[in-house]
Amino acid sequence: MGVRDGRKLGFAEFGPVGGRPILWLHGTPGARRQIPEEARLAAEEVGVRFVGVDRPGTGLSTSHLYGSLVDFIGDLRILIDELGFDDLAVIGLSGGGPYALAAGYAMPERVKAIGVLGGVAPTRGDDAIGGGLVSLATRFAALIPPFRVPLGLTISLVVAALRPVGRPALAGYARISPPGDRAVFEREEIKQMFLDDLSDTGGRLRAPVDDVILFTRDWGFSLRDVTPPVKWWHGDADHIVPLAHGQHCVDRLPDAELFVRPGESHLGGFGAAAEVLETLLATWDRKPAKERAV
């Protein structure tokens, strides 16, 4: 779909066309089809229309580096306007978490509920917290932008080279993952989802570099200004984004609740898909506090 400055934003849809819309914002790395089968099947049952969106530089989306993370919402708004969504919910997985929060900040009148699965926390400003893999990138924040194009092309070439041996490569990564993530990778539908998602990028996977650049900058908004209700799921054995980061963000969001996944690591959110969907729909249907008080 066409967005600003003649660029394109790719997306994929799952579930009934007339269902309630939920945007699924993929992790880093990832693309528009990074939605687990459990969530796709549940969407059919409860009448939800999932829309997975390629971030710029991945799959069908034109490569583009925004000035700040919240600038992405200008393009996202065009997409949801064209799709005819007045109200919606948003789910962000890992690196998609900050973008989901940005959507709630920028469109509070339209975003009725936000789900975050092991989301990345801010690294700059009053909301910043240290530790975790992303915070390490802040040490090299000034060095990454000049090399974003060659780095992005390198990642794309590596992914393209691994496509013919995708299953063995995924099995190799699973073997060096924590026990919680290994359990997730043992599920055949999860393996198929990752292979389908990465193969459908057409070898274009430059967005992860831009994600890291934006994560290590000021996001363009404060957590305290994200007013829609946020439900946050996080594994207590997450080795990439520590549980403390999830608690840190939830403590600063005005209306947020943390669901800890015992024994699960960074990919535990994939196993909570049905629970996430049920919780977000119930939150969407909940009357605002002011209305309940009347």
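This presentation walks through a predicted model, taking its strands, its helices and a few backbone details in turn.

Good morning. I will begin with the strands. Strand 4 pairs with strand 2 in the parallel sense, over 4 bridges. Within that pairing, Leu23 stands opposite Val90 of strand 4. Strand 4 also pairs in the parallel sense with strand 5, this time over 6 bridges, and here Leu88 stands opposite Val111 of strand 5. Strand 5, residues 111-117, then pairs with strand 6 in the parallel sense over 4 bridges. The partner of Leu117 in strand 6 is Trp233. Finally, strand 6 is joined to strand 7, residues 256-261, by 6 bridges, and these two strands run parallel. Gly235 has Arg261 as its bridge partner in strand 7.

How many residues of strand 4 are buried? The count is 6 of 6, so strand 4 is largely enclosed by the rest of the structure. Leu88, Val90 and Gly92 are buried on one side, and Ala89, Ile91 and Leu93 are buried on the other. Strand 6, residues 230-235, likewise has 6 of its 6 residues buried and is therefore largely enclosed by the rest of the structure. One of its faces carries Val230, Trp232 and His234, and the other carries Lys231, Trp233 and Gly235; both faces are covered.

Next, the connections between strands. Strand 4, helix 3 and strand 5 form a right-handed β-α-β unit. A right-handed β-α-β unit is also made by strand 6, helix 10, which spans residues 243-252, and strand 7.

That brings me to helix 3 itself. Of its 10 residues, 8 are buried, and the helix is mostly covered. The buried residues are Gly97, Pro98, Tyr99, Ala100, Leu101, Ala102, Ala103 and Gly104. What covers them? The elements over the buried residues of helix 3 include strand 2, helix 2, strand 4, strand 5, helix 9 and strand 6.

Let me take helix 2 from that list. Two packed helices are described by the angle between their axes and the distance between the axes. For helix 2, residues 72-83, and helix 3, residues 97-106, the axes come within 10 Å and cross at roughly 75°. Angles of 65 to 115 degrees count as roughly perpendicular, and helix 2 is therefore roughly perpendicular to helix 3. Helix 2 contributes Phe72, Ile73, Leu76 and Arg77 to the contact, while helix 3 contributes Tyr99, Ala102, Ala103 and Ala106. By type, these contact residues comprise 7 nonpolar, no polar and 1 charged.

Helix 2 also holds Asp75. Is Asp75 buried or exposed? Its relative accessible area is 0%, so Asp75 is buried. Leaving aside residues up to four places away in sequence, Asp75 touches Val3, Arg4, Arg7, Leu9 and Tyr66.

Helix 9, residues 207-215, is mostly covered as well, with 8 of its 9 residues buried. The buried residues include Ala207, Pro208, Val209, Ile213, Leu214 and Phe215, together with Asp210 and Asp211. Asp210 has a relative accessible area of 4%, and is therefore buried. With residues up to four places away in sequence again not counted, Asp210 touches Pro56, Ser63, His64, Leu65 and Arg148.

I will close with the backbone. Most residues other than glycine have a negative phi, and most peptide bonds are trans. Where does this model depart from that pattern? The peptide bond joining Thr28 and Pro29 is cis, with omega about 5°. Pro29 is found in the loop between strand 2, residues 20-25, and helix 1, residues 37-46.

Asp5 has a phi near 60° and is placed in the segment before strand 1, residues 11-14. Ser94 has a positive phi of about 55° and lies in the loop between strand 4 and helix 3.

Thank you for your attention.

Terms used. Residues numbered from 1 in each chain as written. Predicted model: local features only at pLDDT ≥ 70, side-chain atom pairs only at ≥ 80, totals over all residues. Heavy atoms only, no water. Axes fitted to C-alpha atoms, helices over the stretch in contact; angles between N-to-C directions. Parallel < 35°, antiparallel > 145°, perpendicular 65-115°, else oblique. Contact = heavy atoms within 4.5 Å. Nonpolar A, V, L, I, M, F, W, Y, C, P; charged D, E, K, R; others polar. Buried < 20%, exposed > 50% of the residue type's maximum accessible area, 1.4 Å probe, protein only. Pairing = 2+ DSSP bridges. Right-handed = clockwise from strand over helix to strand, strands pointing away.
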